[in-house]
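Subject: Structure handover and what was found in it

Dear colleague,

Please read them slowly and look up each residue as it is named.

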Amino acid sequence: MPTDSIGKPADRLILPEYERDDASHPALDTEEYHSTSLRSPRRPLQLLPQNLTEITGPVLGHERVGDTDHDLTVQHAGEPLGERIVVSGQVLDSDGKPVPHTLVEVWQANAAGRYRHAGDRHPAPLDPNFSGAGRCMTDENGHYRFMTIKPGAYPWRNHDNAWRPAHIHFSLFGRAFTQRLITQMYFPGDPLFYQDPIFQSVRDPKARERMICEFDLDSTIPEWALSYHFDIVLRGRHATPFEEDEDDED
């Protein structure tokens, strides 16, 4: 009979159990966020053991990142409309250690609050010089940096007079392919926080604060772009709240 590293029969091994922290992360089915009822699981979640393949690869790395992928303002022939901003920060693990050389991706609406996506029917202008998507690799100390346009708020028909606060979506990988985080970064002082069910689905006020970036005057580019700082923690007590489904552009 196969045994584990301490000689215990393999058929009696106890797999780790993971309990969601719904105070820090959105519930899978949040009543106020209507579309979650259509995409949340109806059966108990099953733990799938991670083998060598899931832990070690495939890994998306620097070979997939272009020279201008981190700068969403220079990806087209002309300049995009709106307020230029710098968004930078550090990716950390549960112990507060930096996560180096990991892929960070962003997507967002333009300055008028519209996505460059076939499903977006908001009657706001599209910007031919702004696609709203970028990517970069963290450096050896886990730092990342994007140049972009501050996104606008937009209506989304979830409830009466519903508007989403300005936000940027983030997707990134941890030390393994299976460690993926999808989250949203909000801007400080947004007046729409109180009526946004996606933001409010994170019940812990301290956890909600971890989704709000900080204005960072020290890292602005003088006479060119203001700057915001946003650290991302993958796991642990201070983890950044994350989403279960990144397919929706909300």
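D29 is partly exposed, with a relative accessible area of 39%, and its side chain meets that of R42 in a salt bridge in which N and O are 3.8 Å apart. R42 for its part is exposed, at a relative accessible area of 62%. Please keep in mind throughout that this is a predicted model, and that the values here are computed from it. The two residues are 13 apart in the chain, D29 lying in the segment before α1 (36-39) and R42 in the loop between α1 and α2 (52-56), and the pair therefore links distant parts of the chain.

The side chains of R135 and E105 form one of them, with 2.6 Å from N to O. Because R135 lies in strand β3 and E105 in strand β2, this pair ties together parts that are 30 residues apart in sequence. R135 counts as partly exposed at 24% relative accessibility, whereas E105, at 15%, counts as buried, the cut-off for buried being under 20%.

Another salt bridge joins R164 and D196, whose closest N and O atoms are 2.9 Å apart. R164 belongs to strand β6 (residues 163-164) and D196 to the loop between β8 and α3 (197-200), so that distant parts of the chain, 32 residues apart, are linked here as well. Are these two partners buried or exposed? R164 is buried, with a relative accessible area of 0%, and D196 is likewise buried, with a relative accessible area of 0%.

Stepping back to the whole chain, the secondary structure comes to 4 helices and 11 strands. Of the 250 residues in the protein chain, 42% are buried. If you consider the contacts between residues at least 6 apart in sequence, 69% of them join residues at least 24 apart. The accessible surface of the chain is about 14,700 Å², and 52% of that surface belongs to carbon and sulfur atoms.

In general, the strands of a sheet pair through backbone hydrogen bonds, either parallel or antiparallel. Here, an open sheet of 4 strands runs in the order β3-β2-β7-β8, and its pairing is antiparallel. Because β3 (133-137) and β8 (180-186) stand at the edges and each has a single partner strand, one side of each is left without a neighbour in the sheet. On average, and with direction ignored, neighbouring strands of this sheet are turned by 20 degrees against each other.

Within that sheet, strand β2 (residues 103-108) and strand β7 (residues 167-173) pair in the antiparallel sense over 5 bridges, and W107 has H169 in β7 as its bridge partner. The antiparallel pairing of β7 and β8 extends over 7 bridges, with L181 in β8 as the bridge partner of L172. Strand β8 is also mostly covered, since 6 of its 7 residues are buried.

Finally, I would ask you to look at two backbone angles. Most residues other than glycine have a negative phi, and most peptide bonds are trans. Which value does phi take at H101? The phi of H101 is near 55 degrees, which is positive although the residue is not a glycine; H101 lies in the loop between β1 (84-92) and β2 and is exposed, with a relative accessible area of 52%. R157 also has a positive phi, near 60 degrees, and is again a residue other than glycine. R157 is found in the loop between β5 (154-155) and β6, where it counts as exposed at 80% relative accessibility.

With kind regards

How values were computed:
Residues numbered from 1 in each chain as written. Predicted model: local features only at pLDDT ≥ 70, side-chain atom pairs only at ≥ 80, totals over all residues. Heavy atoms only, no water. Buried < 20%, exposed > 50% of the residue type's maximum accessible area, 1.4 Å probe, protein only. Contact = heavy atoms within 4.5 Å. Areas by Shrake-Rupley, 256 points an atom, 1.4 Å probe, with all protein chains shown as cover. Pairing = 2+ DSSP bridges. Axes fitted to C-alpha atoms, helices over the stretch in contact; angles between N-to-C directions. Salt bridge = Lys/Arg side-chain N within 4 Å of Asp/Glu carboxyl O.
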